[in-house]
Amino acid sequence: MKIIEPGRPQKGWAKEFKCTGEGNYGGGCGAVLLVEHGDLYVTHRYCYTEHDTFITFRCVACRVETDIKNYTGPTVSRGR
């Protein structure tokens, strides 16, 4: 294999995700995004005595938030 045109060096954790609006009433645009660790934040939902925490990103194309199911990347400490 040969490199025709070198890309930028990968720094840290990154993974492809689709913008679906999952967990946020849908409405995602379907864009496939390379989401980096710095793009992620913690969101919370409260319902009576229940409290759920999610790892979320906001699509750069349509601005809709998508929650990541079964997130297994590095710890995300910043919230919104």
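Let me start with pLDDT: the predictor's confidence in each residue, from 0 to 100. This is a predicted model, where local features need pLDDT of at least 70, side-chain atom pairs count only at 80 or more, and totals for chains, interfaces and linings use all residues. Residues are numbered from 1 along each chain as its sequence is written, and side-chain values use heavy atoms, without hydrogens and water.

Confidence, then. The protein chain averages 90, with 96% of residues at 70 or more. Strands and helices are DSSP runs, numbered from the N terminus: helices H or I, at least four residues, strands E, at least two. Strand β3, residues 41-47, has the lowest mean among the elements, 92. Strand β5, residues 65-67, has the highest, 97.

Now the hairpin. β3 pairs antiparallel with β4, residues 50-58, over seven bridges; pairing takes at least two DSSP bridges. T43 stands opposite F54. Two residues separate the strands, and Y48 has a positive phi near 55°.

Next, the aromatics. Which residues form the cluster? W13, F17, F57 and Y71. Rings of Phe, Tyr and Trp (its six-membered ring) pair with centres within 6.5 Å; planes under 30 degrees apart are stacked, over 60 edge-to-face, the rest tilted. There are three pairs in the structure. W13 and F17 are tilted, at 6.4 Å and 40°. F17 and F57 are also tilted, at 5.9 Å and 35°. F17 sits in β1, F57 in β4, 40 residues apart.

Last, I68, after β5. Buried or exposed? Buried, at 10% relative accessible area; the cut-offs are under 20% for buried, over 50% for exposed, partly exposed in between, with a 1.4 Å probe and protein chains only.
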